[in-house]
Amino acid sequence: MNDFPALTWSPAAASLWAKTGQEEDEWLCLPQHMMDSAMVGSYLWDHWVGPGVRKHAEDKLELSTEETTKFVSWVCGLHDVGKASVPFAAQVSKQQGRAWLCDQIEQQGLPLPRNVAENDWYPHSAESRAAWAFYAEEHFGTHPRFANHLGDIFGAHHGLPASSEMMKRSTDRRENAPDWIRVQDELISNIIEFTKTEEVLKKLMNRKYRPGSDLKMILTGVVIMADWIASNADFFPLVGAPSGDNNQRFATGISRVSLPGPWQPRGFDTASADDAYRASFGWPETVAPRPMQRATFDIARKLEAPALICIEAPMGNGKTEAALLASEILAHKTGRSGVFFGAPTMATSDSLFSRTKAWAQLGEAGVTSMYLGHSKNQLNAEFGSMPRRSRMRVAPEGTPNQQDCSDHTDVIAHQWLWGRKKGILSNMVVGTVDQILMLALQSKHAMLRHLGLASKVVVIDEVHSYDAFMGSYLAKALQWLGYYGVPVVLLSATLPHSIKSQLVTAYHRGLRGSDRESIEVPETGLSYPVITTATAHGVEVSEVEQSASVQTFSVQPVNDDKVTLRSLLEPVAEKGGCVLVLCNTVARAQEAFTVAQDVVGDDARLLHARFTAIERVGKEQDLVEELGPRANRDHGRPACRVVVATQVVEQSLDVDFDCIITDVAPIDLLLQRMGRVHRHARPESDRPAWAREPRVYIRGMQRLGTETTPPEFSRGVDAVYHPAILLPTCSELCLVDESSAIKVSLPHDIPKLVQAVYSNPQVHPGWQEAYGEARHDLENELETSQRRASTFQFPPPFKNPPFVKLWQGNKQDATEEEGVAQVRDTDPTIEVVLTRATGDGYYSPLPWLDSELADQQLARGTEPDRETARLLATSTVRLPYQFSRYPSLFDQAISELEENTDRGWEKSLFLKGQLQLNLDHNFSATISGLTVQYSPELGLQLLTPSYSRKEQE
């Protein structure tokens with residue numbers, strides 16, 4: 001890190017303000033903030049950014065390690081030079097008690113009109129870019145169009161580049177501001193001296209250097225981090241004059257931040273696969289890795305450059321452990337400083353969070369920051385209870401550095417690395433796949449996401465489960481990751497070749513920095529398990545020894561009526577057992593649950609997406625405790641249990657059933673669902689005699705197909721999954737006769753069935769016409785979906801358009817929920833906080849959620865206390881799909897909910913921006929003419945007859 005010199009500032013420069021405090025006389029002078037930012041930026045680059053990202057920047061800049069650090073310090077220090085301008089400085093003139101800040105600026109000879117017309121205003125980020133461009137032309141002889149490429153980096157430090165109009169306004173005003181130009185030149189000259197970058201800038205200017213979009217993204221991310229840290233008065237107190245000892249001020253401030261440094265991954269260069277897995281996961285000597293896990297270890301250790309590894313292996317085969325160990329090896333080889341593990345759902349993320357945290361704690365001693373990346377992370381008790389600080393303090397040389405005395409990694413949820421924008425910067429992040437998809441989304445502060453992900457190895461689970469819309473975003477994100485040199489690990493048990501080819505090709509194009517070349521991703525046919533590896537040189541496929549463990553399932557179609565469902569559940573009531581009834585829609589699940597209750601009474605359970613968030617988390621935890629790998633008949637596993645659920649159990653929960661009754665679904669998802677049957681090895685006594693053979697019953701067809709007529713799917717089923725996929729699935733599984741059953745062997749039949757449905761689909765001769773029409777509709781939908789997905793995507797990094805044009809489509813500072821909605825091809829949903837109306841106020845939570853607060857009446861217009869607000873925030877639920885299906889109904893519902901939401905919530909950290917739904921004494925409410933009702937047994941129901949056939953949730 002630089003040893004920063006003392007500087008002398010003119011009275012004019014010292015009179016400029018950068019920040020104000022809560023008190024009228026609290027302010028931070030601009031020169032001090034610029035120096036603070038420069039020092040923080042230098043520290044971040046040397047002590048926080050991983051070596052792989054630093055090397056990427058050094059190679060792109062063609063600068064040495066020391067020169068690059070100086071350059072980063074310079075751009076961080078210069079980012080706010082535009083605050084030396086009339087539009088910024090005059091902002092406080094109308095603020096009570098702060099006009100004196102303008103007076104002192106005028107007293108130093110800087111003209112400062114107190115009113116700036118709206119059409120003369122522009123952001124100070126635009127002024128920063130313009131000030132540098134003019135300075136570079138005068139002092140380095142560089143044309144502004146070249147200087148502006150460097151100016152783009154600090155000119156976008158508010159999360160978006162300034163628009164062309166704003167930059168033009170800034171440029172136009174300079175002609176009439178000679179005094180301001182002089183002080184700007186002083187600020188720039190002093191920061192160049194402070195960061196010792198004179199020669200570095202000469203080198204770049206002489207080369208007319210133009211950084212690419214990738215480098216601008218990364219460095220802008222560092223500038224934003226440095227600015228936010230240096231702006232925090234808890235770290236760097238507000239002072240009205242430049243400090244006499246900047247180095248001591250910095251040392252104290254950065255010690256208060258206490259950021260963990262880069263993760264220190266192990267390479268396992270000389271370890272055997274057995275020893276590596278045991279060290280990484282705490283396995284006893286009696287446990288050895290499976291063939292797929294050994295193969296993944298060997299492949300990762302042989303790689304010497306960034307690569308994509310795609311692991312296709314059966315459910316429950318240890319892909320998670322293989323991916324984590326491969327990530328550590330690849331991070332060691334490529335200089336990555338963390339891991340991101342992406343999953344399809346919040347529930348899956350919660351499960352992976354615990355496993356990833358346990359793995360991280362078994363690493364080398366040190367400090368690792370960790371974050372759970374989804375919108376409901378506050379409901380995860382494990383994440384919420386993690387410490388925010390560590391016993392080890394990471395600090396620069398010359399400051400106290402307490403050493404951790406433990407022999408394991410200290411994993412913390414760092415207090416500064418928190419929130420939807422900063423969480424991705426943690427060393428270890430587990431979250432929904434949307435966090436990856438948004439790498440390709442034109443969104444404000446996207447630079448922080450790029451910096452966070454470029455620094456990590458990225459693992460993406462269940463890659464088969466993302467539709468064409470999400471797949472388009474994922475492919476674009478993989479291009480960026482490949483361009484950054486980020487290693488990627490993809491996981492799936494049931495991956496169609498077409499999806500694998502799309503993703504591998506996208507990553508390879510990123511590595512090569514071009515989309516002009518096409519590569520061939522070899523078909524793997526019936527090989528399984530299989531590992532596909534993509535490097536800049538090409539694609540290789542490795543076949544893996546198959547597991548000796550084979551399960552044969554009896555698969556049988558059944559009629560879709562209550563009588564049939566009741567008959568299938570009666571053996572459970574009579575002889576015991578644990579059965580899963582998996583439904584494609586919430587409405588079907590609620591209907592099936594009433595049947596299950598009639599048959600087994602209190603031994604029935606219901607789980608779907610229309611329970612309040614806190615209840616859903618509790619239900620998921622209860623299921624894992626009862627039906628997970630640690631439960632058995634003598635310890636927690638119930639003798640009788642019927643679980644009715646939607647797709648939340650398809651991939652999210654490690655639970656084991658004796659039998660499954662499932663709605664028809666695409667073949668890959670049906671195979672995933674089969675993976676919940678006889679999932680764990682159990683003694684024979686744990687399963688009733690009728691369930692010793694794994695059985696799968698498939699319903700959801702209003703009329704079963706025959707050899708000559710296609711099936712007719714039940715209401716809502718074909719609105720969730722397209723008939724063009726359901727028809728070949730039904731054909732392959734011979735779902736034509738209720739009295740017949742076929743045998744499916746797992747894992748042997750997985751590749752055959754998946755490729756038969758997706759690569760070379762065939763249907764019964766009598767179904768050809770229906771299938772042809774469905775296929776035509778699907779292809780049109782896919783084309784439309786791909787076109788819509790591209791609207792707000794960043795272009796590929798190697799296209800390198802002007803920085804401002806990266807954000808041509810969307811310049812909104814979207815919330816995380818809005819970002820997720822943008823990268824998923826779904827209609828907007830409405831989430832509400834449930835309360836109970838009473839008189840002029842309302843009761844806080846639903847009575848069964850917290851008995852102590854159940855009778856606490858809250859007055860409207862007042863801010864709830866912190867604990868009540870937190871509990872209310874966990875009582876969220878999404879309204880039924882009908883409210884989102886039609887724009888007019890959606891808009892009307894939003895309008896009604898906004899009007900009836902307590903205004904006092906706007907003052908609450910937990911409730912600001914939430915919508916309130918007041919239920920009556922029957923726990924019912926009417927919105928937009930539709931009546932809903934909530935119960936702890938069924939969740940939220942739509943009572944008014946629906947006028948939409950689509951019941952998808």
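This is a predicted model: local features need pLDDT of at least 70, side-chain atom pairs count only at pLDDT 80 or more; totals for chains, interfaces and linings use all residues.
**Figure 1. Glu62, an exposed residue with a positive phi.** Glu62 is found in the loop between helix 3 (51-61) and helix 4 (65-78), and although Glu62 is not a glycine, its phi is positive, at about 60°. Glu62 counts as exposed because its relative accessibility is 56%, which is over the 50% required for that class.

**Figure 2. Asp668, a buried acidic residue without a salt bridge.** Asp668 belongs to helix 26, which spans residues 667-674. The residue is buried and yet has no salt bridge; the nearest side chain of opposite charge is that of Arg673, at 9.2 Å. Side chains of opposite charge can pair when their charged atoms come close. For a salt bridge, a nitrogen of Lys or Arg has to be within 4 Å of a carboxyl oxygen of Asp or Glu, and so Arg673, at 9.2 Å, does not pair with Asp668. When neighbours within four places in sequence are left aside, Asp668 is in contact with His464, Thr494 and Tyr758.

**Figure 3. The salt bridge between Glu626 and Arg641.** Among the 47 salt bridges that the structure holds, one is formed by Glu626 and Arg641, whose closest N and O atoms are 2.9 Å apart. Because Glu626 lies in helix 25 (residues 613-627) and Arg641 in strand 15 (residues 640-645), the pair ties together parts that are 15 residues apart in sequence. Both partners, Glu626 and Arg641, are buried.

**Figure 4. Two salt bridges within helices.** In helix 10 (residues 178-195), Asp179 and Arg182 are three residues apart and are thus separated by about one helical turn; the two form a salt bridge in which the closest N and O atoms are 2.0 Å apart. Asp179 counts as partly exposed, at 25% relative accessibility. In helix 30 (residues 768-789), Arg775 and Glu779 are four residues apart, which again corresponds to a separation of about one helical turn, and their salt bridge has its closest N and O atoms 3.6 Å apart. Arg775 is partly exposed, with a relative accessible area of 26%, and Glu779 is partly exposed as well, with a value of 42%.

Figure 5. Arg637, Asp656, Asp658, Arg682, Asp686 and Arg687 are linked with one another in a network of salt bridges. Glu23 is located in the loop between strand 1 (17-20) and strand 2 (27-29), and with a relative accessibility of 47% Glu23 counts as partly exposed.

Figure 6. Tyr528 and Pro529 are joined by a cis peptide bond with an omega of about -5°, and Pro529 lies in the loop between helix 22 (497-512) and strand 10 (530-535). The peptide bond from Leu746 to Pro747 is likewise cis, with omega near 10°, and Pro747 is placed in the loop between strand 20 (742-746) and helix 29 (750-758).

Conventions. Residues are numbered from 1 along each chain as its sequence is written. Side-chain values use heavy atoms; hydrogens and water are left out. Buried means under 20% relative accessible area, exposed over 50%, partly exposed in between (1.4 Å probe, protein chains only). Lys and Arg count as positive and Asp and Glu as negative; His and the chain ends are not counted. Contact means heavy atoms within 4.5 Å.
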